[in-house]
Amino acid sequence: MESHKIDADQLSASSMSQYSFAPQRARLNMQGSHDEDSMRGGAWCANSEDKMHWFEIDVRRETEFTGVITQGRDALNESDYVMSYFLAFSNDSREWTTIHDGYSDWLFFGNSDKDTPVMNQLAEPVVARYIRIIPQSWNGSLCMRLEVLGCPLPDPDNVLYRQNEVTPIDYLEFKYHSYSEMVALMKSVNEECPNITSIYSLGHSSKGLEILAMVISGNPTEHEIGEPEFRFTAGLHGNEAVGREMILLLMQYLCKEYKDRNPRAQRLVEGIRIHLVPSLNPDGHEKAFEVGSELSGWFTGHFTEDGYDIFQNFPDLNSILWDAEDKGMVPKLSPNHHMPMPENFEANSSIAVETRAIISWMESHPFVLGANFQGGETIVAYPYDSHRLNKNTDSKKPHSRKKRQYEEEGFDVTEWGRGYHEEPEEDWRGREYTQPEEDWRRHGYSHGYDHGRDHGYDHSRHHGYDHGYDHGHDHGYDHSYDHGYNQGYGHREEEEEDNRGREPGYQYGEPEEEPRVTADESLFRWLAVSYASTHLTMTHDYRGSCHGDSAAGGGHGIVNRAKWKPITGSMNDFSYLHTNCFELSIFLGCDKFPHQSELVYEWEKNREAMLIFMEQVHRGIRGIVKDEQGNPIANATVSVEGINHDVTTAPTGDYWRLLNPGEYRVTVRAEGFSSVTKLCVVGYESGATACSFNLAKSNWDRIKQIMALHGNKPIRLLSHGNSRTHQSSTANSNRHVAVSKHRYSLDPQVRRERLRRLRIARLRRLRQMRLMRSTTTLPPTTTTTTTTTTAPPTESTTSWYDSWFIGEGLSSTPGGFTDSILDYTYEYKIDDY
């Protein structure tokens with residue numbers, strides 16, 4: 001019943017109180033909805049007006065029945081359960097035989113509460129096709145959930161059935177293991193394959209049991225440069241036993257197949273550092289194991305000894321990220337990856353000791369991909385697990401990744417806009433872009449030259465996603481930016497252009513009623529599909545979900561957890577936002593703790609899916625980030641244009657970025673180094689694309705030393721009227737500068753047009769000066785001697801700044817003043833860098 005091997009059309013009853021309490025709701029541990037209007041009742045409930053009640057199961061073949069397990073109704077405020085019942089059997093559903101003790105019908109005693117399963121075993125097995133439960137007394141309403149114990153008899157005439165039976169593999173141990181048996185099995189695998197396995201501890205549980213892990217790799221004791229790290233975990237909830245046994249079977253399988261020189265097993269072991277943790281909650285594991293598979297309830301061993309659900313016991317980093325996004329702080333002022341732990345984390349007593357051990361383990365290894373096995377459903381759930389609706393798309397301010405690259409290089413966007421009229425953010429957000437075109441032209445486009453809009457945007461449009469970049473210029477960027485084009489209401493053109501290169505499934509403005517999605521939504525969907533589609537039954541949606549939840553019965557056996565059963569502080573969300581690891585939850589079946597005989601079938605259903613999922617760690621790009629001397633650079637940030645989520649390099653300088661096939665512009669940044677951008681192509685063939693980087697030292701260390709000598713006071717930069725002198729003194733265009741409010745593109749046509757306009761403006765000024773001189777009369781006897789003093793050329797003292805094209809007759813200072821002295825504070829931008 002609980003495993004759904006018996007279909008809904010095999011269940012019938014004398015009556016039902018309403019459709020939400022139909023016979024198909026009578027499965028053991030069926031979870032109902034607490035919403036009164038929901039159609040998902042927590043049990044089968046009979047019509048109270050009927051006098052005769054029964055519940056019938058047709059197993060469709062001769063079966064040897066050995067017992068029945070009953071349970072009350074799953075309800076928040078009700079206490080409905082059956083206290084006693086009769087059992088009857090039949091082979092044709094017309095003539096029934098009731099179990100009796102020789103004198104009268106045998107009355108079986110049922111439940112004394114609504115949650116605890118109660119098992120009644122038959123004194124002798126009964127062979128039949130149909131079984132009926134006939135309730136005799138009950139508490140509250142007549143409602144019940146049940147499980148039937150029995151074994152189908154083999155059909156000697158059905159040769160095909162016997163041929164398709166799954167036969168156990170000799171070297172695998174198909175049995176449930178207690179905690180001590182699990183430890184013994186792990187040690188035996190380590191002794192059999194000492195060269196590729198190693199056992200270590202994550203920490204201890206509340207009762208002092210060790211949380212053990214096994215590494216399987218060509219060099220299991222240490223991380224090898226270029227080798228990704230992968231993890232499978234199980235036992236977050238102690239009664240979800242299938243995942244624990246699948247990991248123990250995988251240990252045995254990889255060890256044996258590697259020794260037998262299976263090529264696929266050898267590629268997995270030598271190409272991936274595999275971490276397997278069969279029991280993250282050993283206290284709950286022991287509690288559920290003692291009860292057994294038949295009587296283990298929905299929450300038996302689910303929590304830790306201290307009462308915590310480990311899976312949703314992690315710090316809530318989603319709220320921190322989303323609040324920062326709503327305030328426009330991401331990614332300049334707040335990161336989009338490796339979110340810091342909350343300030344009160346260490347003192348927070350609501351974090352379980354097991355959770356703290358897992359967090360420390362996550363931080364100590366450069367995991368790339370992982371999955372945790374759970375139970376109670378047959379589906380793969382991907383993050384986000386937490387739920388928050390998107391803001392109105394019209395009022396949500398997009399944050400262009402191209403603009404972000406300017407900001408992280410150190411340019412002060414507020415300096416670019418000095419001299420322009422910009423309305424407060426909340427004002428134009430509230431208007432929802434409803435102003436007529438002439439209004440927003442006055443606010444955003446009318447400042448500066450008109451051709452800044454007419455040509456700047458056309459140039460970026462013709463060059464696709466280059467968006468005004470000159471990738472051959474100084475590490476791949478020309479840090480020019482048209483403020484008049486991007487300020488005010490000009491964001492609409494930028495959104496259209498910037499979204500052209502987006503990865504499918506990634507968008508800044510989702511529908512208003514949709515929950516927020518990760519920046520790697522399409523990749524997560526692929527990872528989920530890779531497991532679900534390879535699993536033998538996970539995509540069989542015709543049976544529906546285990547508990548009648550329509551969201552869980554989605555296509556392809558995958559679901560976004562936030563749309564299904566949202567939770568806060570999940571392990572998956574924490575892994576994505578705090579580390580480099582992409583983690584999913586794999587629900588292996590409706591029955592959390594099936595009978596031991598089912599383990600052979602569970603292994604066959606999941607074996608290939610587990611291998612395929614491990615191989616996905618090689619999907620995307622990989623590489624090593626080094627300096628010019630060949631030394632690895634740790635903690636460098638790897639950014640992919642169009643995906644607002646970064647990863648960092650490991651202490652050994654290597655990195656892995658999971659990506660779907662396509663072309664990606666990848667930028668690597670590290671403190672004290674100049675950033676580098678490359679175009680990396682991910683193909684459809686197996687294996688990650690190599691994309692390594694060599695970074696050159698920047699002058700920021702020297703700048704910090706100079707600022708420290710002057711007490712970190714603002715640096716005074718002299719501005720010069722001579723455009724040639726100023727142009728030579730502002731070389732190296734990848735550092736913080738005070739830029740003109742005009743944007744100068746390196747496109748030849750745009751440059752010639754602007755020079756032509758500047759020459760026309762200069763000729764007009766010269767004509768005015770001649771007219772003024774012609775109207776001035778000097779005395780004839782007066783001789784004027786003019787002495788011209790040529791100032792010595794000023795030596796450039798700001799060689800660390802980027803080169804910036806300065807047009808003739810213009811200055812680099814905001815407002816166009818050539819004799820001003822600009823106070824430019826670097827303290828904030830260095831900290832931000």
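Biologist: What kind of crossing does H3 make as it passes H4?
Modeller: Heads-up: this is a predicted model, where local features need pLDDT of at least 70, side-chain atom pairs count only at pLDDT 80 or more, and totals for chains, interfaces and linings use all residues. Residues are numbered from 1 along each chain as its sequence is written, while side-chain values use heavy atoms, with hydrogens and water left out. Helices (H or I, at least four residues) and strands (E, at least two) are DSSP runs, numbered from the N terminus. If the near helix is turned anticlockwise from the far one by less than a right angle, the crossing is left-handed, and if clockwise, right-handed; where H3 passes H4, the crossing is left-handed.

Biologist: And how is H3 placed relative to H4?
Modeller: Axes are lines fitted to C-alpha atoms, for helices over the stretch in contact, with angles from 0 to 180 degrees between N-to-C directions. Angles under 35 degrees count as roughly parallel, over 145 as roughly antiparallel, 65 to 115 as roughly perpendicular and the rest as oblique. H3 (residues 241–259) packs against H4 (residues 263–271) at about 110°, with axes 8 Å apart. That makes the H3 to H4 arrangement roughly perpendicular.

Biologist: How many charged residues are in the contact of H3 with H4?
Modeller: With contact meaning heavy atoms within 4.5 Å, Leu254, Glu257 and Tyr258 in H3 meet Ala265, Gln266, Leu268, Val269 and Glu270 in H4. In the contact of H3 with H4, five residues are nonpolar and one is polar, and the charged ones number two.

Biologist: Is Arg261 buried or exposed?
Modeller: Arg261 sits in the loop between H3 and H4, and its phi is positive, near 60°. Most residues other than glycine have a negative phi. Buried means under 20% relative accessible area, exposed over 50%, partly exposed in between (1.4 Å probe, protein chains only). At 65% relative accessible area, Arg261 is exposed.

Biologist: What about Asn29, buried or exposed?
Modeller: You'll find Asn29 in the loop between strand E1 (11–13) and strand E2 (44–45), also with a positive phi, about 65°. Leaving out residues up to four places away in sequence, Asn29 touches Glu2, Gln71, Arg145, Ser296, Gly297, Trp298 and His547. Its relative accessibility is 2%, so Asn29 counts as buried.

Biologist: In the open sheet of four strands, which strands stand at the edges?
Modeller: Two strands pair if DSSP finds at least two bridges between them. The order here is E19-E18-E21-E22, with antiparallel pairing. Each edge strand has a single partner, so one side is left without a neighbour in the sheet; the edges are E19 (643–648) and E22 (676–682).

Biologist: Which residue in E16 is the bridge partner of Thr378?
Modeller: E16 (residues 582–589) is mostly covered, with eight of its eight residues buried. Six bridges join E16 to E13 (residues 367–374), running parallel, and five join E16 to E14 (residues 377–382), running antiparallel. For Thr378, the bridge partner in E16 is Leu588.

Methods. Nonpolar A, V, L, I, M, F, W, Y, C, P; charged D, E, K, R; others polar.
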